[in-house]
Amino acid sequence: MHLNSFDGEIVDFYNDTAWEYRFFWSDVNLHYGFYDDEHTTHSEAMTNSNSVYADKLEVDETDTVLDVGTGRGGFPVHVADEYGAEVHGIDLSPLHVSEARENARERGVSERATFSVGDYHEIPYPDDTFDAVSGIETVCHSGQKHRVLEEIRRVLKPGGRLMIADGYMSRTELTPPEVETLRTVLDGWAVPELAHISEFRERLEELGFTDVTFDDHYDRIIPSSRRQWWLSLGVTPLLKVASALGIKNESSVDQGITLYHQREIIERGIAVHGDFTAELPS
């Protein structure tokens, strides 16, 4: 697989920040957790988010599921273990694929959960392969989101479902300081731009998806967002020292700064975190 320059930046970003994610966030999940009255700790919220996403996809043991940009495989391994589905995950990063396979082995689901290096702009599976496709905080990294959706549609069977959870723009007008804050966050997370909710919905409908629904996650993720903000206060100064000593590089510092500002863009409604669900006609 040949990586273009921006794909290479994404792989470098996750390789450079792998230790921080593992030590401060999760061994298996890279996304926001979902808090509620029954899930009040960070670990519980992370598991809960995977269950909520799986329920949105209406996954069961008869399904074959693809997760694009799978990271360490937290979501597909959860689906294989708790729902009995056959799952496949693709990711640009060989490190992520290795970690996802190890995650599957530790959970005892290697026979149902397989992972490979792959690009969601050119999904390495035939047409009409999957009953459901998921993407959790990953399509945002693409500068060709329309191409990703075209590929997802191609590999979905008739009647197939999708769930894309990500950051999205909900406003069309931003003040100059808001633009600057948003750019800081996007650059720190190796994201070229966020899709606008209305544009993303329109593209799904143009591709023939029906029952297109958007769900804003604000209440569920804001404790997770604030946790990242607190982490940034404690960790960013240390990362700056480590960078100055040559132990860590600048992308780790940028990540720390991003964790500080992501709370602002969510709480002020500069951008929103949510998911789209949709299905293809049978």
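Which residues in α6 meet which residues in α8? H146, L149 and E150 in α6 meet F200, R203 and L204 in α8, where contact means heavy atoms within 4.5 Å. The residues of this contact divide into three nonpolar, one polar and two charged. Here Ala, Val, Leu, Ile, Met, Phe, Trp, Tyr, Cys and Pro count as nonpolar, Asp, Glu, Lys and Arg as charged, and the others, Gly among them, as polar.

The model is predicted: local features need pLDDT of at least 70, side-chain atom pairs count only at pLDDT 80 or more, and totals for chains, interfaces and linings use all residues. Residues are numbered from 1 along each chain as its sequence is written, and side-chain values use heavy atoms, with hydrogens and water left out.

Now the helix geometry. The axes of α6 (residues 145–155) and α8 (residues 197–206) come within 10 Å and cross at roughly 35 degrees. Axes are lines fitted to C-alpha atoms, for helices over the stretch in contact; angles run from 0 to 180 degrees between N-to-C directions. The crossing is right-handed (the near helix is turned clockwise from the far one by less than a right angle). Helices (H or I, at least four residues) and strands (E, at least two) are DSSP runs, numbered from the N terminus.

Next, the sheet. Seven strands form an open sheet with mixed pairing, in the order β3-β2-β1-β4-β5-β7-β6. Strands pair if DSSP finds at least two bridges between them. β3 (113–117) and β6 (210–216) stand at the edges with a single partner strand each, so one side of each lacks a neighbour in the sheet. The twist averages 15 degrees from one strand to the next.

β2 (residues 86–91) pairs with β3 in the parallel sense over five bridges. I90 stands opposite S116 in β3. Helix α6 packs on the sheet, touching β1 (64–68), β4 (130–136) and β5 (156–168). The direction of α6 makes about 150 degrees with that of β5.
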